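Here are my notes for a first look. Please keep the structure open while you read the points below.

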Amino acid sequence: MEGETSWIDYQFDDNKTQEFDLRVFDSYPELNDDDNSESNLISIDSILPDDLLERILALLPIVSIFKAGAVSRKWYEIVQSRRFLCNASRVLVPKPWYFMFTGSDEPIGYAYDPMDRKWYSFQLPCIETSSCFIASSYGLVCFMDNDSRSELYVCNLITKDHKKLVEPPGQKFPDYSALALSVDSLSHSYTAAVVKSKQIPNNFIQWNLSIHFYSSETGMWISPVKELMTGWRGGDDSVICDGVLYFLVHSTTLTGNQHALATFNLSSRPSNGLLSDSFIPVPCSLTCGRLMNLKSKLVMVGGIGKQDRPGIIKGIGIWALKGRDWEEVSRMPHRFFQGFGEFDDVFASSGFDNLVYIQSYGGPALLVFDMSSRQWKWSQKCPVAKRFPLQLFTGFCFQPWLEIAP
C-alpha cells in the first residue's frame, strides 16, 4: 500500500545478545586493481573496527537500524546488544510517535514517525485485542485488559521487551478505571497507577474510589487511597506529572460543571483528607478531557461544549496547568475542526515533549499540534481506510527509545 512501510520484518528478537568484540585491526588487505575476481570483494566488516561500525550504525534512523540488522549476523548482534541500544539512544533524539489501531479487534495498526512523516505497519506485543487501557512514558508502554482490569504488562514497543506485573489489589471489574505510567529518565525505574471507581449498588450518587500504585523498584502495589465519594466518580483519563497523579472526575449530578481535576501526590502518606479538597475546576464546560505530561508540564486537551448545550462539542482547546490555574495555549482553528468531518463529543488525544496528537474516533485523520511553534498540521495520510460507517479508530502516543527495558 502506498505510503506504508513494513515494520514487522525488521523487529528485534526477544533473546538477549552477546557483548561487543572490541577488536581493532592493525592492517588491511591490499586490493589488486588488475584482478576483478570475486575473491577481491571485501566485506566492510573486515575493514572497519567494531567500535567504529557501531558508531556509524548508531547514526541511522530507528527503522534503518532494524533493516541493518538483516545485513549479516554480525550486524544483527551489534544492533541487538545492550551497549549499542544505549549508545544509539544518546545519538538519536526521536520525536514521539503515534500508534493508530486499524479499527479491528486485533492489536495491529500503523505507527507514525513525524520526523520522516511515514507510517509503518506495526503489531503490538503482550495484548491480544485493541480493547484495552494504555499509558506510556519515556519509551515504555503499559497495557491493562478491559475485562477484569487486573492483567497489566509494561513493554518497550520497539525492542519488544516486556514484563507482566503482579495483579493489582482492589476490586476486579470496576465500573470505571484510569491508567497512568511514569518512567524516571535516569534510573529507568517506573511507577504505574490505577484509579478504580465502583458504584454503590442502587445509588448513582455515591461511588467507591481507590488508587493503587506499582513501583518497579519494589515490585509491589500499595493502595494509599480508598474513599467513598458523593456526587463524583472517577473516569478513564489520568497522568503522572512531576510526582503527582492527576485524574479527571465526573459529576454524578446534573447541576454545575460536569468535570473536575483531582490530584494526589505520590510521595504523600495516607491521610484523613478528602480527595475532593484537591479538586481543581476545569477551564470551561467540557465534553471530554485528555491529560498528558509534556516536559513535566500538565497539559489538557478538551472538547469545548456549547453554552446552551454543554454536551455538544463546538471546538477543541489546549490548556496548561500553572499552580491551580489553567492557561490557554491554543484553540483548534475552525478549518482543522471541520477537516475531521463529523467530530464526536469524545475523541483520542495524547502527546509527549512538544507534540500533541488529536484523532477523531470516526476516522483515521490525525492532527498534530506543536507546542513550541504553536502550529497545527495534518499528519501524512494513514494507509488504513474507513470500510464501514460504524468503524471506530483510536490510538496513543509513545516515545521510540531503544535502551529502556521494563
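1. Start at phenylalanine 99. Phenylalanine 99 stands opposite phenylalanine 396 in E25. In E3, alanine 111 is the bridge partner of phenylalanine 99. Helices (H or I, at least four residues) and strands (E, at least two) are DSSP runs, numbered from the N terminus.

2. A word on the source. This is a predicted model, where local features need pLDDT of at least 70, side-chain atom pairs count only at pLDDT 80 or more, and totals for chains, interfaces and linings use all residues. Residues are numbered from 1 along each chain as its sequence is written, and side-chain values use heavy atoms, with hydrogens and water left out.

3. Strand E2 covers residues 97–101. E2 pairs (DSSP finds at least two bridges between the strands) with E25, residues 395–398, in the antiparallel sense over four bridges. E2 and E3, residues 108–113, also run antiparallel, joined by four bridges.

4. Five of the five residues of E2 are buried, meaning under 20% relative accessible area (1.4 Å probe, protein chains only). Trp97, Phe99 and Phe101 lie on one side, Tyr98 and Met100 on the other.

5. Now turn to phenylalanine 247, in strand E14 (residues 244–251). Phenylalanine 247 counts as buried because its relative accessibility is 1%. Beyond neighbours within four places in sequence, its contacts (heavy atoms within 4.5 Å) include Val195, Leu209, Asp237, Leu261 and Leu291. The C-alpha atoms of phenylalanine 247 and phenylalanine 264 are 8.8 Å apart.

6. Last, the cysteines. Cysteine 382 is buried at 6% relative accessible area, and cysteine 397 is buried at 2%. The whole structure has zero disulfides, a disulfide being a pair of cysteine sulfur atoms within 2.5 Å.

Methods
Buried means under 20% relative accessible area, exposed over 50%, partly exposed in between (1.4 Å probe, protein chains only).
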